[in-house]
Amino acid sequence: MADRELKKLNRKQLLELLLRLTERSEELQAQLDDANKKLKNRLLIKTEAGSIAEAALKLNGVFEAAEDAAKQYLYNVKKLYDNQDILKKRFQEECMKRAKAMFAEVDRRCAEKEEQSQKVAEQIIRDAQKRAEKIDEEANAKLDEIRGLYRYLSEEKKKLQKNNQK
């Protein structure tokens with residue numbers, strides 16, 4: 001299986017592949033064990049009309065197949081391990097990107113809330129200034145009214161004093 005194909009597989013598929021390779025390795029081991037039994041029992045030599053040399057050559061083929069299967073199994077395990085590291089790194093990178101995006105969103109929202117709060121505060125200040133100006137105007141009007149009344153009373157007092165002096 002090519003590297004590209006292995007990289008496209010997800011974790012479940014990789015584990016299934018590993019399981020199939022393990023099963024194949026076990027099958028080949030069983031065949032090897034069977035061949036060893038036949039060799040020990042000399043069934044291999046009796047069932048086939050060949051010589052001991054032919055049986056050894058056939059047995060060597062089984063050993064070679066078992067060795068090839070073991071090499072393939074180890075190669076696939078290594079690839080799975082390497083792929084796990086790659087997947088772990090990708091997951092970490094993705095998590096970091098997501099965290100940065102979340103922080104950026106929080107910063108944006110905070111800036112937005114701060115801007116809204118600033119506008120509200122400025123409006124409250126403007127309203128307070130208008131109210132203070134209105135109160136000041138009303139106070140000045142009352143003060144002018146009191147001054148006018150004071151002048152009137154002062155004049156009336158003077159008139160009364162003149163009338164009392166006469």
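This is a predicted model: local features need pLDDT of at least 70, side-chain atom pairs count only at pLDDT 80 or more; totals for chains, interfaces and linings use all residues.

Colleague: Fine. How many helices and strands in the chain?

Modeller: Four helices and zero strands. The order along the sequence is α-α-α-α. Helices here are DSSP runs of H or I with at least four residues, strands are E runs of at least two, and both are numbered from the N terminus.

Colleague: What share of the residues is buried?

Modeller: Of the 166 residues, 10% are buried. Buried means under 20% relative accessible area, exposed means over 50%, and partly exposed is in between, with a 1.4 Å probe and protein chains only.

Colleague: And the accessible surface of the chain, what does that come to?

Modeller: About 14,700 Å², with 55% of it belonging to carbon and sulfur atoms. The areas come from the Shrake-Rupley method with a 1.4 Å probe; for residues, only the protein chains shown count as cover.

Colleague: Contacts next. Of those between residues at least 6 apart in sequence, what percentage join residues at least 24 apart?

Modeller: That is 66%. A contact means heavy atoms within 4.5 Å.

Colleague: Switching to charges. How many salt bridges?

Modeller: Nine. The rule is a side-chain nitrogen of Lys or Arg within 4 Å of a carboxyl oxygen of Asp or Glu.

Colleague: Which residue does Glu67 pair with?

Modeller: Lys71, at 3.4 Å from N to O. Glu67 and Lys71 sit four residues apart in helix α4 (residues 52-165), so about one helical turn separates them. Glu67 is partly exposed at 44% relative accessible area.

Colleague: What about Glu115?

Modeller: Glu115 bridges to Lys119, N to O at 3.4 Å. Both lie in helix α4, four residues apart, about one turn of the helix. Glu115 is partly exposed, at 47% relative accessible area.

Colleague: And Arg147?

Modeller: Arg147 forms a salt bridge with Asp144, with the closest N and O atoms 3.5 Å apart. This pair is three residues apart in helix α4, so again about one helical turn lies between Arg147 and Asp144. Arg147 is partly exposed at 42%, and Asp144 is partly exposed at 47%.

Colleague: Which residues are linked in a network of salt bridges?

Modeller: Glu105, Arg108, Arg109 and Glu112.

Colleague: Now the inside. Which residues form the largest nonpolar core?

Modeller: Six residues: Leu6, Leu9, Leu14, Leu17, Leu21 and Leu80. Helix α2 (residues 11-40) gives the most to this core, three residues. A nonpolar core is a set of buried Ala, Val, Leu, Ile, Met, Phe, Trp, Tyr and Cys residues joined through side-chain atoms within 4.5 Å.

Colleague: Is Lys79 buried or exposed?

Modeller: Buried, with a relative accessible area of 19%. Lys79 lies in helix α4. Setting aside neighbours within four places in sequence, Lys79 contacts Asp3 and Leu6.

Colleague: Last one. How many disulfides?

Modeller: Zero in the whole structure. The test is a pair of cysteine sulfur atoms within 2.5 Å. Cys95 is partly exposed at 32% relative accessible area, and Cys110 is partly exposed at 46% relative accessibility.

Notes
Residues are numbered from 1 along each chain as its sequence is written. Side-chain values use heavy atoms; hydrogens and water are left out.
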